[in-house]
Amino acid sequence: MDLTYTDAQEAFRDDLRTFLDQRLPKRLSDKVRLGQHLTKEDYESWHAALQERNWLAGHWPEAHGGSGWDAVERHIFEEETTRAHAPRIIPFGIAMLGPVLMKFGSDEQKAHWLPRILDGTDWWCQGYSEPGAGSDLASLKTTAERDGDHYVVNGQKTWTTLAQYADHIFCLVRTRKEGKPQEGISFLLIDMDDPGIEVRPIVLIDGGAEVNEVFFKDVRVPAGNLVGEENQGWTIAKYLLTHERTNIAGVGFANQALANLRRIAGLEMQHGRPLIEDPLFAAEIAKLEIALMAMATTNLRVVSAAAEGSAPGVESSMLKVKGTVIRQEINDLTRLACGPYAMPFVSEALEAGSNVEPVGPDYAMPATADYFNNRKLSIYGGSNEVQKSIIAKTMLGA
Amino acid sequence: MNFDLTDERQMLSDGLRRLLADKTDLKAIVEGDRAWSTESWAALAEMGVIGALFTEEEGGFGGAGFDLMVVFEEMGRAGAPEPLLEVVLAGGLIAELGSEAQRAHLEEVIGGGLQLAFAHGEAGARYDLEHVATEARRSGDGWVLSGHKAVVTNGGDADWLVVSARTSGKVGERDGISLFLVPRDADGLTLRDYPLAGGGRGAEIDLRDVSLPAEALLGEADHGLEAIERQNARATCALTAEALGLMERAKDLTIDYLSQRKQFGQPLARFQALQHRMSEMLIEIEQARSAVINLAGHLDAPRAEREMHVSATKQLVGQTAKLVVEEAIQMHGGIGMTMEYDLGHFARRLTMTEHRLGDALYHLGRFSRLRAA
């Protein structure tokens, strides 16, 4: 047992901190800190800055434009970037499609798509869930029928995050209706500009519209955009779920949220004293901090094992459940810390570049919006119920 | 012991449920076209719902805790944002303290023709009722008010505001707080109004040397706090009853969804993990109902006993509201997070009940202190 980082890892952390000091514009970190919505350009400029150091997709092999980070280095990156309130890296191309192409794509596909992910040519979104296929993803119904050199796609995807910014979508589609549902699914790359695609925003309870419905009507997709074999899509989806989950615990985000909570509780007053001095409120913060300290180490245990090559299995389910619940509880306490000023709801104040004056302290409305928005954490990416079923299965069998 | 509603209250409850089901337009509330519906307000007045918040001596035909409970539970069940709680607070203060001339306004309030707001909260007050920094100083026969009032629900639509201000003593002291009846268009009163997360609107109100005549004073100078506490207790009963209605509706929506939604080849309602969570939700909502009944039955109790029930009820209902919001959304999945589906509004409104009149943690502390005293 040794809880310390190596010299090389500490040097990497120093290098990162210097980079963040110099290259992360205050304009961007302020937006992240205040919970404002970022524009497409905000994300793109941050991605470009990172790619100058090959840090955008640091976990990709150097041959593909990454830095070949192991899980510990990746963890350090998450820790430092969240501490600095850097924009998150949009995961769809970098964390999801990239690794899938490296594992299952043809040489031609790798050569074509991977550089375009890194240089920002393509913005990807994810077409998995459907209105009738949520936790039971394998029951998806969007079809792709082969017609000569093309697939013809019909159906609907939903909860598609940032589809409004995307020019491409990777989709799970049904290519065979017979047999087990899992065995008739394929993984297809689709250009969002293709005729027959329509995107409709969904307004969420935080007032934002980050997710969308995507409709496909007779969309013709070149057969060369099939990744892997036809009907191998479920294997690819499972690969993504088990291998791309290093940051699933969200320790960095939780630390960031906890620091924000402590700051707000220090500014809010109760009975003429800072709220953070109220023994009951302080105890609630303390409970979360204690849980987070332990969870951070659970995460490092999994990260270290992954760095030594073992594939995380049930551990990522465990981290997903614990990590999301802790973050949600921090969000809950944060909106409570804001008191009556959590009620004003001027959505425009969260829009990028908005000049609308917030009502009360500038942290109050984002706290309310975050509380509502982060209810998603325990729903998406395999709901916490699905994760618990996976855990139960490994303990108790079928 | 009898926990049944009287015939009159049962009729009020049934009639109000039908009226609100018919009049409440959730889409308009969510899209923020308007804070609330003038048509609904007129219908509420006509049915006698506003009158049910006042006693016969005050010109109404109710006014007891169980009247408040019946009315507000139905408002919650419908998700209706009409500013009735403002009538309980501001109207209650006018009824309790007002001169004959001031109380004359109540007839118009009960008839639906007059809107009220209680401008009491201030930045830094959190939920402490005695935290009043706004000042009122004597000027000739009258008064001059200066200060800032925060998150005044219905402030922008109110014809009259009941405004609290300090006429003596220091911020946080119980003595020295006075109440004034102020027209919204008074010189020196400026207001920024804005939507609230749970529906309805709030306002930030600036008072700059607002001159008022002597007869604007409501009750006796320096001794407003006891009445504020009494009306706050009634408002807490009303708000927790509303939360109860919101929880019932969130629970019903979840039951419907679990029964209809199929995954893995069967309705979600068949999954035992979800069945147990629904059971838990029901158990906790029934606890909350008993807590509201406790408070409704103790509004006329001596202060120490009444206030203990205020905090006990608000604590328990607040804690239950969080459970119901989070579990209802989680068991719905993604659809529970959208504003296109009814649950979104109920979840927001229910969550916001915790940010009025004190949250669970605040009242846990207050209950402990009251018990120790």
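**Helix α4(B) crosses α7(B) in the right-handed sense (near helix turned clockwise from the far one by less than a right angle; anticlockwise is left-handed).** This is a predicted model: local features need pLDDT of at least 70, side-chain atom pairs 80 or more, while totals for chains, interfaces and linings use all residues. Residues number from 1 along each chain as written, chains are lettered from A and ligands numbered from 1 in written order, and side-chain values use heavy atoms, without hydrogens or water. From α4(B), the contact takes in Gly65(B), Leu68(B), Met69(B), Phe72(B), Glu73(B), Gly76(B), Arg77(B) and Ala78(B) (heavy atoms within 4.5 Å). Among their partners in α7(B) are Arg234(B), Cys237(B), Ala238(B), Ala241(B), Glu242(B), Leu244(B), Arg249(B) and Asp252(B). By class, nine contact residues are nonpolar, three polar and seven charged (Ala, Val, Leu, Ile, Met, Phe, Trp, Tyr, Cys and Pro are nonpolar; Asp, Glu, Lys and Arg charged; the others, Gly among them, polar).

**Helices α5(B) and α6(B) pack at an angle of about 140°.** Helix α5 covers residues 84-97 of chain B, and helix α6 covers residues 100-110. Their axes lie 8 Å apart. On the α5(B) side, Val87(B), Gly91(B), Ile94(B) and Ala95(B) make the contact. On the α6(B) side, Gln102(B), Arg103(B), Leu106(B) and Val109(B) meet them. Five residues of this contact are nonpolar, two are polar and one is charged.

**Helices α10(A) and α12(A) make a left-handed crossing.** Helix α10 runs over residues 314-337 of chain A, and helix α12 over residues 384-396. The packing angle is about 140°, and the axes are 9 Å apart. Helix α10(A) brings Val314(A), Ser317(A), Met318(A), Lys320(A), Val321(A), Thr324(A) and Val325(A) to the contact. Helix α12(A) brings Asn384(A), Gln387(A), Lys388(A), Ile390(A), Ile391(A) and Thr394(A). The tally for this contact is six nonpolar, five polar and two charged residues.

**Helix α11(A) is largely enclosed by the rest of the structure, because nine of its ten residues are buried (under 20% relative accessible area; exposed is over 50%, partly exposed in between; 1.4 Å probe, protein chains only).** The helix spans residues 364-373 of chain A. Its buried residues are Ala364(A), Met365(A), Pro366(A), Ala367(A), Thr368(A), Ala369(A), Tyr371(A), Phe372(A) and Asn373(A). Their cover includes α10 of chain A. It also includes α9 (303-332) and α10 (343-352) of chain B.

A polar atom of the His345(B) side chain lies 2.8 Å from the backbone oxygen of Gly79(B). Beyond four places in sequence, the contacts of His345(B) are Leu26(B), Ile29(B), Val30(B), Gly79(B), Gly198(B) and Met339(B).

**Glu130(A) is a buried loop residue, with a relative accessibility of 6%.** The loop joins β1 (124-127) and β2 (143-147) of chain A. Residues up to four places away in sequence aside, Glu130(A) touches Leu140(A), Lys141(A), Thr142(A), Gln156(A), Lys157(A), Thr158(A) and Leu172(A).

**Gly172(B) is partly exposed, at 37% relative accessible area.** This glycine sits in the loop between β4 (160-166) and β5 (177-183) of chain B. Gly172(B) touches Glu130(B), His131(B), Val132(B) and Arg166(B), leaving out residues up to four places away in sequence. Ala186(B) is 14 residues from Gly172(B) in sequence. In space, C-alpha to C-alpha, the two are 27 Å apart.

**Asn54(A) has a positive phi, near 60°, and is not a glycine.** Asn54(A) lies in the loop between α3 (40-51) and α4 (71-83) of chain A. The residue is partly exposed, with 29% relative accessible area.

**Asp209(B), also not a glycine, has a positive phi of about 50°.** Asp209(B) lies in strand β7, residues 201-212 of chain B. Its relative accessibility of 46% counts as partly exposed.

Note on methods: Axes are lines fitted to C-alpha atoms, for helices over the stretch in contact, and angles run from 0 to 180 degrees between N-to-C directions. Helices (H or I, at least four residues) and strands (E, at least two) are DSSP runs, numbered from the N terminus. A polar contact is a pair of N or O atoms within 3.5 Å; within protein, one must be able to donate a hydrogen and the other to accept it, and residues adjacent in sequence count only if both atoms are side-chain atoms.
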